[in-house]
Amino acid sequence: MLRPMNIEALDAGTTRRWGVLVVEDDSRARSFFEASVQRSPRLFWLGSAGTVQEALNWLAQTATIPDVLLVDLGMPDGSGLDVIREAVARFPGCEPLVISVFGDEENVLSSIEAGAVGYIHKDAAPEDIAQTIVEMKAGASPISPMIARRVLAKYRSLQLAGAPAATPEAAVDSTAPSLLSSREHEVLTLIARGFSYAEIARLKGLSVHTVQTHIKNLYGKLAVHSKSEAVFEATRLGLLSHPG
Amino acid sequence: MWLAALLMVVGAAAAAEPAESPIELRRGTVTTTVGGVTHTAPAELSYHWDRQHAGRPGFADFELPFTLEAEPEAAWGIFIPRAGNVLEVRLNEALLQAYGDLARGNGPDYAKAPIYVPVPGHLLKAGDNRLQIRIRADSARRAGLSRVTIGPATPVRTELFESAYAWRFTGSVLLTAFSLVVGGIALALWLTQVDAGAVGGQRREGIYFWAALAEFCWALRVADGVIAEPPLPWGAWGVLMAGCYAGWAASAMMFCYHLAEWDGAPRMRWLRWPVAAVVAGTIAASSMALYREEPYWLTGWLALEIVFVALFVGAFAVATVRQPNVGRLLVAAAALVTLGFGTRDWLVIRLSDAYGETTWVRYSSVFFGIALLLIVLRRFRAASIEARGWVATLAERVAQRERELASTFAALEQVARDQARTHERERILRDMHDGVGSHISSAIRQLQSGQASSDELLRTLRDSLDKLKLSIDSIHLPPGDVGALLAALRYRLEPRLAAAGIELQWAVDEVPAVKRLDAQGMRQLQFLLFEAISNVLQHAHARTLRIEAETVAGAVQLRVIDDGRGFDASHVPRALSERAATVGTQLGLESRPGRTVVQLGFG
C-alpha cells in the first residue's frame, strides 16, 4: 500500500524474471527483502552480502549477472557507494537501487552519482519493494521534489560557472549545457514544485512513460557527469554544500 | 701675444746677466700728520699706525730710498704686503698707483689685500732711487705700512705677491663659502626639523639655529677680508664686524651650551646671560673705541671676553670629560684650539707691534665649522633613524592590533559557531521531543493499554517516521521557499493519503519566497500543515484533499481544503492556533459538512 510517489503505470510487457542481490548489514532487513523478492513472480533471489568486502567478493566471483542490486549505504566496513561503483563498472546492465530510510537528498544524490538509478524506502511494504524494482526495470525512476530541486540548483551553478569561462580546458563546463535538455528541465522544475508524473504528463501533453524516461536519462547523465566531475572536486563540493 | 713678448724679454734679460735679486725696503723716513701736527722721523718698517699714534687718524708720508747698480732691463714691480688704509705709491716722484682717495677718510680700506704695483722700466735708474708711499690712516683700522719689496716681476710678483694674495684673499673667499654652506645646512635643518610632538605647539632644535647663526656671523666677518670698499663708513662697519666676531663666539658658545644639554639643567641656564653680554659688550666697547678713537676700550673688553670664553670652554671641556661622545670631544677640541688661537690673535693684533699679521682664528674656525657640521649631520641622522624607528614601531603596533582583532574575531566566530550548534542541538531535541519521542511514548502507551488496534499503533509509528522525514527535509529547505516546503510535504504524505483512499488535488501556483520565514518558521509551518493534513486523514472521512497555493495582491496564501464532515470552526484546535502564532501567519478556519478550509495568509 505504501509506494514511492511518481510510480504509476506499470508496463508488464515482458515476463522476464530479474535476479536481485541485496547488500545490507542488518540481518532482519535482509530477510525482509528476501521475503519480498521471493514473493514476487517477476524477481528471483541471487543472494545477500552483509559487508562491503563480501559484496565485492560476490561480484568478483558470480557467474550470474545481477539485474538489480539493493544496497544499504551505511555498511560496517565501508560505504555501499563502493559496491555500486564496482557493480556498475563490472556489469553495465546491473541497476543498483539504494536502500534508504529517509530518502534524504545527500545520500540519494551521491548514490545516483555513483551509478544508482533510484532508491527504495526501508519502511516500504514488502509488495511495494518488489513493485518498485519491477517498475524500475520497466523504465520508471522515482525522484523526489527535493532531489529535483538540488539537480536544478546544480545545473544553474554549472551554467553560471560555464558562462564566463568559455575555455576548452574546463571539461565540466563544456558538458554543463548538455546536462539537461529543455524538456528535462521543464519536467524537473514541475517535479520540484510537487507535481506527480501523471500531472506533468497531463500538463505537458506527454505520456507518463516519456516523463519517466526523461527522469531515468537524467539519472544516467548525473552519473556520467559525476565521473568527469571527479576531476573538479571543488565543483562537486560546491554542489554538496549548496543550500538548495 | 703681448704676454708672450714680455716673457721673451724677461727670459732674454735673465739670460743676459745674473738675475737681479729683489730688494726689501725696511728703513726710511716718515712724515706724519696727526691732528694738524706734522712730524718727521726715521722709520723702521713695519710701521704700525695704531701703535705709533694710539689709534688716532692721520697721514703718513714714507720715503724709502734704495740704490740700483744698473738700470734693470727686465720688468720690475713693487710688492706691498700691507698698506693702508688708502694710499698712493710714487717712484722717483712719478705717481705709480693710487688706492682710494687720500682726501676722504673712513671709506675704503686697501690694507686688507696685498698690493703689487708694476714699475715702468724707464722710471728706475742706476744709482739712488726713491719710493714714496703716502697713506691715510683711520682710527684702529690696522693702518700702516709693512716692509716693501721691489725687484724683478719674477719672483716678486709670481712668488711673493701671488702666494700672499692667495693666503689673504682667496683664503677669505673659501672660508666665507665654507661658512655659508655649513650655516645654510644648519638653517635648513632648523627650518624643517620641527618637533611637533612637544606640548604647546612646535619646537625647533636650538642647536641647529645657533650653528647657523655662528656660521653666518663668521661668514660676514671673514668676508670683510675681501671687501676693500665696505658699504658703511668705517665706524659703523667696524662695530658691525666686531659684533659679528662676538656673535660668532656667542653663537658657538650657545651651540656648546645645547650640545652639553645645559638648556635642560637649571643650574647652568644663567650662562645664557653672560653669553648675550659678550655680544652687547663687544658692540658697546667697539663703539667706544671707534668713536672716541681709543682702541684700548675694545682691547680691554676683548681681554675680559677671552677670560670668560676660556672659563666657558673649560666648563664645557669638563662636561665633555664627564659625559664624552664623539661630537662633544670634537667640539671641545676645536673650542680649545680656537681659544688658543683667539688669545694669540688678541696678543698679536691688539697688543704687539707686529704689522701685516693675519688672524689665526679664521683657520681654526674651519675646525669648528667641520665639528659643527658633523654634529648637525649626526643629529639629523639620529633623528631620521629615530623617525624610521617610530614608523617601524607604529607598523608593528598596527600589526599587533590587527592580530588582536583577528583573534578577537576568531573568538567571536567560535562563540557564534558554538551558539549555532547549541541552537541546532536545541532544535533537534525539541523535534525529537515533539515528534519521535512523543510518538514512541504514545505507541508504548497504546501497547501497554492493550486496547489500541494494530492499525492505530501503525498510524502512530508512521506519523513518527513521517515527521522524522519532514525534519530531515526541512534541513535543506531554503528559508521562505513555501513551494519547496509544499512539494516535500506532498512527497512524504501522499502514500498515506493514497492508502486512505483520499484523492489529492494539487493546485499549487509558483509563489514568491516569504521573507519572514526563517529555518525555524519553515519548521513550524511544516508541522502546522502536517497537523492540518493529519486531521483530515484521521477525522474528516474525506474523499478529496485539495492543496492550494497562490499569490493574492503580493501576499502568499495557502489553503488545505477537504470535503469531509467538518467540525466546529469556532473551536480552533490548539495545535493549529499555537503554531500559527509562532509562524506569524493569519490562520483562517471555515468548516461545514462537505467543505472545510484551513487558510494561512502571509500578508
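## Overall make-up of chain B

The model is a predicted one, and in it the secondary structure of chain B comes to 13 helices and 20 strands. Of the 603 residues in chain B, 45% are buried. Among the contacts in this chain with a separation of 6 or more, 73% are between residues 24 or more positions apart.

## Strands that pair with S11(B)

Strand S11, which covers residues 127–137 of chain B, pairs in the antiparallel sense with strand S5 (residues 58–68) of chain B over eleven bridges. Within this pairing, Pro65(B) has Arg130(B) of S11(B) as its bridge partner.

Strand S8 (residues 86–91) of chain B also runs antiparallel to S11(B), and six bridges join the two. Here Val86(B) stands opposite Arg136(B) of S11(B).

## The contact between H10(B) and H12(B)

Helix H10 (residues 454–476) of chain B packs against helix H12 (residues 519–540) of chain B at an angle of about 155°, and their axes are 11 Å apart. Because angles over 145 degrees count as roughly antiparallel, H10(B) and H12(B) are therefore roughly antiparallel to each other. The crossing of H10(B) with H12(B) is right-handed.

On the H10(B) side, the contact is made by Arg459(B), Asp463(B), Asp466(B), Lys467(B), Leu470(B), Ser471(B), Asp473(B) and Ser474(B), while H12(B) contributes Arg523(B), Gln526(B), Phe527(B), Phe530(B), Glu531(B), Ser534(B) and Gln538(B). By residue class, the contact of H10(B) with H12(B) divides into seven charged, five polar and three nonpolar residues.

Definitions and conventions:
Residues numbered from 1 in each chain as written. Chains lettered and ligands numbered in written order. Predicted model: local features only at pLDDT ≥ 70, side-chain atom pairs only at ≥ 80, totals over all residues. Heavy atoms only, no water. Pairing = 2+ DSSP bridges. Helix = DSSP H or I, 4+ residues; strand = E, 2+ residues; numbered from the N terminus. Axes fitted to C-alpha atoms, helices over the stretch in contact; angles between N-to-C directions. Parallel < 35°, antiparallel > 145°, perpendicular 65-115°, else oblique. Left-handed = near helix turned anticlockwise from the far one by under 90°. Contact = heavy atoms within 4.5 Å. Nonpolar A, V, L, I, M, F, W, Y, C, P; charged D, E, K, R; others polar. Buried < 20%, exposed > 50% of the residue type's maximum accessible area, 1.4 Å probe, protein only.
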